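Please take a moment to look over the sequence and the model before reading on.

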Amino acid sequence: MPYSTTVSFVVPTRHGPRDVALAYTRRGAGEPLLLLHGIGHHRQAWDPVADILATEREVIAVDLPGCGGSPALPHGLPYDLPTTVAVLRAFCEALELDRPHVAGNSLGGLLALTLGRDGAARSVTALSPGGFWTPAEWRYAAGLLTGMRRIAERVPLPLVERLSRTAVGRVVLTSTVHARPGRRSADAVVADTLALAHTEGFFETLRAGRHTLFTDDVRDVPVTVAWGARDRVLPPRQGVRAKRIMPLARLVRLPGCGHVPMSDDPALVSRVILDGSRA
């Protein structure tokens, strides 16, 4: 059975040791598999695939700093890639996870690739990862995500709940990131909207992405890059760029899937992640 809790630990940063806490859910048995969500999301984004993955792996889905159930970073720590990677490495040490397999979506995919590059993962599966955009593509994605955040902040909760109970309402609320919004439950849509509205450090994280590119080959661990064919946030052509940078990586197309593909096709996404962690 899955269980959820929060762990506190010390992170060595360039600003000195700092106390950080992260919320996570753990289930299953086998080699550890760490799941990382995207900007403005939460660990429940992985719920559609978590039980399938747990048939072969010990699955740890974590809320990134300031997201979901995880507190904001201590004052003075930036919401940038080096800090978040340091937090995740300290989190793995606190949980005694020795080089887990890592799968990530969007920002989580960029974090997963960085952990793989740094030797902190035994395999990496990146679903529509950030870091392969042009300046124009980053501006487009940032505009979409900013619009989603503003809507999530301003739409009253009773209206969100009412919209989430209809197919049309779920399209309105989630079709930017999901190709098949009808597959998200009403409760999940409400939870996703609240997570987006209350993410700490959202705009700082978004701004940091403008100058964040992943330009390093990852050769020491198996890497899978998978892209939703109907991704409206980060166009699938970015996957081709990723393959050029990492020629040994496996590039997989996810037909009928959007930017957050886990609920669009749970069976396919689970198979891609498990196959990637067996390589």
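What percentage of the 279 residues in the protein is buried? In this predicted model, buried residues make up 58% of the 279, where a residue is called buried if its relative accessible area is under 20%. The accessible surface of the protein comes to about 11800 Å², and carbon and sulfur atoms account for 54% of that surface.

The overall dimensions can be considered next. Along the principal axes, the C-alpha atoms fill a box of roughly 45 × 45 × 40 Å. Because a compact globule with 279 residues would have a radius of gyration near 19 Å, the 17 Å of the protein agrees with such a form. The chain is built with 10 helices and 8 strands, and among contacts with a separation of 6 or more, 72% are between residues 24 or more positions apart.

The largest nonpolar core holds 81 residues, of which Phe9, Leu36, Phe91, Val223 and Met246 touch the most other members. Helix 2, residues 81–94, gives this core its largest share, 7 residues. When residues up to four places away in sequence are not counted, Phe91 touches Val7, Phe9, Leu22, Tyr24, Leu34, Ile60 and Val62.

Charge is the last topic. The protein carries 33 positive and 26 negative side chains, and the centres of these two sets lie 8 Å apart.

Technical notes. Residues numbered from 1 in each chain as written. Predicted model: local features only at pLDDT ≥ 70, side-chain atom pairs only at ≥ 80, totals over all residues. Heavy atoms only, no water. Helix = DSSP H or I, 4+ residues; strand = E, 2+ residues; numbered from the N terminus. Rg over C-alpha atoms; globule rule 2.2 N^0.38 Å. Buried < 20%, exposed > 50% of the residue type's maximum accessible area, 1.4 Å probe, protein only. Contact = heavy atoms within 4.5 Å. Areas by Shrake-Rupley, 256 points an atom, 1.4 Å probe, with all protein chains shown as cover. Lys, Arg positive; Asp, Glu negative; His and termini not counted. Charge placed at Lys NZ, Arg CZ, Asp CG, Glu CD. Core = buried A, V, L, I, M, F, W, Y, C linked by side-chain atoms within 4.5 Å.
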